[in-house]
Amino acid sequence: MIYYATQRFLLSVLIVIVAISLLTLMLHVVPGDPATMILGPRATPELIEQTRVAMGLDQPLPVQIVKFFGRILHGDLGTDVFTGRAVSDIVFEQLPYTLVLIAVSILWSSVLGIVLGCYSALRAGTWLDTLSGILSVGTISIPAFVMALYAVLIFAVSLGWLPAIGAGEGFFDSAMHLILPAFAIGISWVGYIARMVRASMLEVMGAPHVRMARSFGLTEARIVRAYILRIAVQPAVTLLGTGVAHLFSAAVFVEVIFARPGIGALIVSSVNERNYPIILGAVLVTTAIIVLATLLSDLTVALLDPRQREAL
Amino acid sequence: MSEQKLMHSSNAMRGDDHVPLMLIEELSVDFSTARGPIHALRHISLEVAAGRILGLVGESGCGKSSLAYSLIGLLAGNARITHGVIRLGDDDLAHLSAARWRELRGKRIAMIFQDPMTSLNPVRTIGQQMMDIQYRERITRAEKRKFAVDFLAQVRIPDPEARLDSYPHELSGGMRQRVCIAMALLTRPDLLIADEPTTALDATLEVQIIHLLRELQQKFGCSVIFVSHHLGTVAELCDDVAVMYAGEVVEQGSVDEIFRQPAHPYTQALLECDPGSIREATRILPTIPGGLPDLRQVPTGCIFQDRCPQVFERCRREHPGFHLGERTQMARCHLIEQGEMTP
Ligand SMILES: Nc1ncnc2c1ncn2[C@@H]1O[C@H](COP(=O)(O)OP(=O)(O)OP(=O)(O)O)[C@@H](O)[C@H]1O
Ligand code: SF4
Ligand SMILES: [Mg+2]
């Protein structure tokens, strides 16, 4: 397990390095000079040259990339040209909002999805199973931003039960502000996970080793808990790990709709301002988090299933 | 030669002196499918003698597994016992509550399955699984562990103590099947059902496992139902044998009698064609034209009529009953009733 974990961790680091290199490369492939873009059409050539030097854009590309890595290792993501603040400060200021939102969304949707999926599988063919199937497929096909709009319209505007704007202050207020966005992001995952868990439960329930466990008279409850669940949740855990990327993109919409602070909102406003250093910093941090999430889900699967520890 | 017509194993009239452990009478099983019910087992009557090994042979699809599973209550969801009784002690296994089944399984009846690669749970260690099945015993974990080690040693697994902490995927197929045998025996069953336990293993391992089974059966004195494609293995391992064809037992008796003097034309053909393996359906009887009958519409008359070299007019009309041969031997064939059983 330790061997596997180490290997898997090194792989993650490698992925982040490759991703960052690609990102910096991309910025150079995009037409137009970043310095010109940042300063706008009215900038003088001297000013542009000055900015280019300040941003290190006058140096050869490999040197830029190496220097960039050097700075990242020191936690320096560059400086925001507009405000002069460190990009890392700006990004890490916004990050907690998004992380909390995504964590709460994952938590409620995966717990509910797994419970619902198990229940459907154990009661396969009953009307409750059918109902959960219809609801799942229904919610899967609705995008998060549509959900968010309806949630705002119904629960905030019409009923006035829950706040719709901002992130709130203090624990209780923040929690109230989280409910609608977390609902909008998580709801389609409930369906996804429920369907996936149901399918894999049914598959495992028909496996020869389950029949063997039954042949020894083990109770159904014990078989489900000790023999089936640990195998059946694995696809869902993997799905969640890779799904964090989708959750981030859902968060972009949801943060804008709910006017919440966060990485999503930050990226959208920086894109509007063509604020490259911040876009780069935000995307970089997001990438690292997504890679970390898949690492965590892979390690969880390896903890659940010894066969997964064997090789990368 | 007795010409007595024995309708469906009235065992008191049989010439053997073995105590029956399990009595199957007139057992019929249907599988419901989208295209109508398959009558997979029809009027199976068999006796499993205490402390003996009963071989169940027949080509693929003849219903050996279906019979084996119905004896431990693990038939597929679309299966239904439509007729018959299965007596074990005071219980009728054909009409048993789920709760009572759980009491019997892993206590009076245990099973070894065909594929050792998939029969053990992949996410629990051998030790955990061997301790799981001792959930009935009111003993400490350490004692359960000791029993597990003890039985792993019985099936000759080297370094059993260490193996307890292994996961199934860390063991070879032969080792896994040994673990399965150890688990089944650990519950000290009266009846051990083995559904082709060696089919997935290579020949050398097969011989080892067969010897092990024989040895342990004698040691523990349980009855065994041994399902096999392999006539040679059955001849070597079993005391009694039942030959199945298309959902019926067509001949049964002691191994000596049946291999020395097969009475049913199907058994005769099997032994003539290939004394070794009878793995695949239809491939096995090259000298006999015709295929397996469709079990959705079972033909009237003898089930073997389309392929029987000795078929005559009555066979098309009338389903043969069980007729007694020399001693314990019985066959479902009109010829035997007419006293034409070949010497
Ligand atoms: N769950 C099921 N649904 C429908 N038909 C089934 C089912 N299980 C078995 N059958 C049918 O019942 C018949 C007997 O099958 P069974 O598996 O008992 O044969 P078998 O003698 O064990 O064959 P094999 O040697 O290949 O294991 C076959 O015709 C098979 O197609
Ligand atoms: S009853 Fe007739 S068809 Fe059937 S096995 Fe005997 S001789 Fe052949
Ligand atoms: Mg079978």
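A pocket here is an open set of grid points with protein on both sides within 12 Å along at least five of seven lines. With that in mind, welcome to this predicted model. The second largest pocket holds about 420 Å³ of space, and there are also five cavities of 30 Å³ or more.

- Sorted by class, the lining has 13 nonpolar, six polar and three charged residues.

**Ligand 2 and the largest cavity**
- Where does ligand 2 sit? Its place is in the largest cavity, which has a volume of about 80 Å³.
- Of the 15 residues that line the largest cavity, B:Cys302, B:Cys308, B:Cys315, B:Cys333 and B:His334 lie nearest its centre.
- The lining of the largest cavity divides into 10 nonpolar, four polar and one charged.
- The shell around ligand 2 includes these cysteines and B:His334, along with B:His264, B:Pro265, B:Gln305 and B:Leu335.
- By class, that shell has eight nonpolar, four polar and no charged residues.

**The second largest cavity**
- Residues of chains A and B line it, among them A:His209, A:Met212, A:Phe216, B:Ser119, B:Gln129 and B:Met183.
- H9(A) supplies the largest share of this lining, three residues.

**Strand S8 of chain B**
- Is strand S8 (residues 191–195) of chain B mostly covered or mostly open? Five of its five residues are buried, so it counts as mostly covered, with buried meaning under 20% relative accessible area.
- In a regular strand, side chains alternate between the two faces of the sheet.
- In S8(B), B:Leu191, B:Ile193 and B:Asp195 are buried on one side, and B:Leu192 and B:Ala194 are buried on the other.
- Strand S7 (residues 109–112) of chain B pairs with S8(B) in the parallel sense over four bridges, and B:Ile109 stands opposite B:Leu191.
- Strand S9 (residues 223–228) of chain B also runs parallel to S8(B), joined by five bridges, and here B:Ile193 stands opposite B:Ile225.

Technical notes: Residues numbered from 1 in each chain as written. Chains lettered and ligands numbered in written order. Predicted model: local features only at pLDDT ≥ 70, side-chain atom pairs only at ≥ 80, totals over all residues. Heavy atoms only, no water. Near = heavy atom within 4 Å. 1 Å grid on protein atoms, 1.4 Å probe; cavity = no way out; pocket = protein on both sides within 12 Å on 5 of 7 lines; lining within 4 Å. Sits in = over half its atoms within 2 Å of the grid points. Nonpolar A, V, L, I, M, F, W, Y, C, P; charged D, E, K, R; others polar. Points joined across faces, edges and corners; volume = space filled by probe spheres on them. Buried < 20%, exposed > 50% of the residue type's maximum accessible area, 1.4 Å probe, protein only. Helix = DSSP H or I, 4+ residues; strand = E, 2+ residues; numbered from the N terminus. Pairing = 2+ DSSP bridges.
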